[in-house]
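Subject: Structure handover

Hello,

Here is the structure I promised to pass on. Please open it first, then read the notes below it.

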Amino acid sequence: MNNHREEDFNLSLNQKDTIGLYLSLKSIQDQLNDSSAVIIKKIEEHLYNILTIEEYAAIEEYYGKQSS
């Protein structure tokens with residue numbers, strides 16, 4: 001028996017994993033559905049708040065420098 005209740009799902013990621021997920025989704029953005037586009041937008045808004053302009057402009061390089 002499946003219970004198909006709609007509930008919020010919260011996922012906690014460290015900064016490196018958040019950036020990694022963002023970069024992964026951005027790389028296939030044209031293949032994603034609308035709900036995935038919403039996820040990308042939310043992550044992007046979060047990254048705008050935590051990264052400097054310079055860090056965001058070079059996000060792939062910044063991601064590579066992050067420790068696990």
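First, the ground rules. This is a predicted model: local features need pLDDT of at least 70, side-chain atom pairs count only at pLDDT 80 or more, and totals for chains, interfaces and linings use all residues. Residues are numbered from 1 along each chain as its sequence is written, and side-chain values use heavy atoms, with hydrogens and water left out.

**Helix α2**

Start with α2, which runs over residues 34–50. Helices here are DSSP runs (H or I, at least four residues), numbered from the N terminus. Helix α2 has 17 residues and reaches 25 Å from its first C-alpha to its last. That is close to the 24 Å expected at 1.5 Å a residue. The expected span is 1.5 Å times one less than the number of residues.

Which residues of α2 are buried? They are Ser 36, Ile 40, Ile 43, Glu 44 and Leu 47. These residues sit on the same side of α2, because they cover an arc of only 105° around the axis. The arc is taken from the directions from the helix axis to the C-beta atoms. Buried means under 20% relative accessible area, exposed means over 50%, and partly exposed is in between (1.4 Å probe, protein chains only).

The face of α2 turned away from the buried side carries exposed residues: Asp 34, Lys 42 and Asn 49. What covers the buried residues? The cover includes α1, α3 (53–57) and α4 (59–65).

**Salt bridges**

Side chains of opposite charge can pair when their charged atoms come close. A salt bridge here is a side-chain nitrogen of Lys or Arg within 4 Å of a carboxyl oxygen of Asp or Glu. The structure holds three.

Lys 26 pairs with Glu 44, their closest N and O atoms being 3.7 Å apart. This pair links distant parts of the chain: Lys 26 is in α1 and Glu 44 in α2, 18 residues apart. Lys 26 counts as partly exposed because its relative accessibility is 33%. Glu 44 is at 12%, so it counts as buried.

Glu 44 also meets Lys 41 in a salt bridge, at 4.0 Å from N to O. Both lie in α2, three residues apart, about one turn of the helix. Lys 41 has 41% relative accessibility, so it is partly exposed.

Glu 61 and Lys 65 form a salt bridge too, with the closest N and O atoms 3.2 Å apart. Both are in α4, four residues apart, about one turn of the helix. Lys 65 is exposed, with a relative accessible area of 62%. As for shared partners, salt bridges join Lys 26, Lys 41 and Glu 44 into one network.

**Tyr 62**

Is Tyr 62 buried or exposed? Tyr 62 counts as buried because its relative accessibility is 18%. Leaving aside neighbours within four places in sequence, Tyr 62 is in contact (heavy atoms within 4.5 Å) with Gln 15, Ile 19, Leu 51 and Glu 55.

**The surface**

Last, Phe 9, Leu 11, Leu 13 and Leu 21 form a nonpolar patch on the surface. Together they have about 420 Å² of accessible area, by the Shrake-Rupley method with a 1.4 Å probe, where only the protein chains shown count as cover for residues. Patches are made of residues with over 30% relative accessible area and no salt bridge; like charges are joined within 9 Å, and nonpolar side chains (Val, Leu, Ile, Met, Phe, Trp, Tyr) within 5 Å. Leu 11 lies in the segment before α1 (15–27). Leu 11 is at 58% relative accessibility, so it counts as exposed.

Best wishes

Technical notes
Helices (H or I, at least four residues) and strands (E, at least two) are DSSP runs, numbered from the N terminus.
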